[in-house]
Amino acid sequence: MAPVTRSRKVLVAAAAVIVALAAYALLRPARKTTTPAYATAVATVGDIEQTVLATAKLEPKALVSVGAQVSGQIKTLAVAVGQTVKAGQLVAEIDAQPQRNEVTRAGLGIENLKAQRNAQLAANRQAQLALERQQKMLAAGLAARADFDAAQAAYDTSTAQLAALDAQIRSQQAQLDIARINLGYTRIVAPMDGVVVAVVTKQGQTVNANQAAPTIVMLAKLDVMTIKAQ
């Protein structure tokens, strides 16, 4: 009986050890996981860009139609497409002979009116002297009242004619100023710095400014462009 009892004790002890190990394995705390390493960076201010693909129309900042203000034949076309021009630079020149004739005609009209005024001024002075004589004679009782009234009327008429000639001279001077302005319009210059993007009128072509201002060239500022898209 002794050997059997000892073997049983050994088995019981072994089972107790196994149970203790199993309980320890179940009850021991979980192993801590390793903390991951994070990549860091300093926050800074910057631009956020988003690219969008779209069909658009590219237009210059400023687009000017340079036209003629007087009618005539294009005698000189001084620019070409793609050429860069400065403000005041000659773009085209219209045959200025008709405008020169207008300036000459208006100037001669002023000279004619001034000659008429000089003659009328002399007549007015004569009418004034006649009126003064009639006034003295009437005061002395040596002239009739009717003669004095006639002299007064002649003087008033002469003075009115002198004033009318002065008005005509001023009107003719205005016509001369207009003719000189139109003569200046025969030289077409660039109104701004830019690039010639189109030449509408050819050299030798006749333009008519009486109906609408004809376009000679198209001038654009290309330093700043505008994109127009839906």
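# A guided look at the chain

Visitor: In what order do the elements of the chain run from the N terminus on?

Guide: Helices (H or I, at least four residues) and strands (E, at least two) are DSSP runs, numbered from the N terminus. The chain has three helices and eight strands. From the N terminus on, the order is α-β-β-β-β-α-α-β-β-β-β.

Visitor: What kind of model is this, and how are residues numbered?

Guide: This is a predicted model, where local features need pLDDT of at least 70, side-chain atom pairs count only at pLDDT 80 or more, and totals for chains, interfaces and linings use all residues. Side-chain values use heavy atoms, with hydrogens and water left out, and residues are numbered along each chain as its sequence is written, from 1.

Visitor: What does the C-alpha trace span along its principal axes?

Guide: The trace belongs to a chain of 230 residues. Along the principal axes, its span is about 200 × 55 × 30 Å.

Visitor: What share of the residues counts as buried?

Guide: Buried means under 20% relative accessible area, exposed over 50%, partly exposed in between (1.4 Å probe, protein chains only). Of the 230 residues, the buried share is 21%.

Visitor: Which residues have the most contacts inside the largest nonpolar core?

Guide: A nonpolar core is a set of buried Ala, Val, Leu, Ile, Met, Phe, Trp, Tyr and Cys residues joined through side-chain atoms within 4.5 Å. The largest one has 18 residues. Strands β2 (72-77), β4 (90-94) and β8 (215-229) each supply at least two residues of this core. Those with the most contacts inside it are I94, I188, I216, V217 and L219.

Visitor: Which residues does V217 touch?

Guide: Contact means heavy atoms within 4.5 Å. Residues up to four places away in sequence are not counted. V217 then touches V64, S65, V66, V79, V91, V196, A198, V199 and V200.

Visitor: Which residues does the second core include?

Guide: This core is separate and has five residues. Among them are V103, A106, L176 and A179.

Visitor: Is S158 buried or exposed, and what does S158 contact?

Guide: S158 lies in helix α3 (residues 145-184). S158 is buried, with a relative accessible area of 6%. Leaving aside neighbours within four places in sequence, the contacts of S158 are Q120, A123, N124 and A127.

Visitor: What separates the C-alpha atoms of Q152 and Q128?

Guide: Q152 is in helix α3. Q152 is partly exposed, at 27% relative accessible area. Q152 and Q128 are 24 residues apart along the chain. Their C-alpha atoms are separated by 8.2 Å.

Visitor: How many Å apart in space are Q161 and A127, C-alpha to C-alpha?

Guide: Q161 is found in helix α3. Q161 counts as partly exposed, at 39% relative accessibility. Q161 and A127 are 34 residues apart in sequence. In space, C-alpha to C-alpha, the distance is 12 Å.

Visitor: How many Å apart in space are L129 and R100, C-alpha to C-alpha?

Guide: L129 is found in helix α2 (residues 97-139). L129 is partly exposed, with a relative accessible area of 34%. L129 and R100 are 29 residues apart in sequence. In space, C-alpha to C-alpha, they are 44 Å apart.
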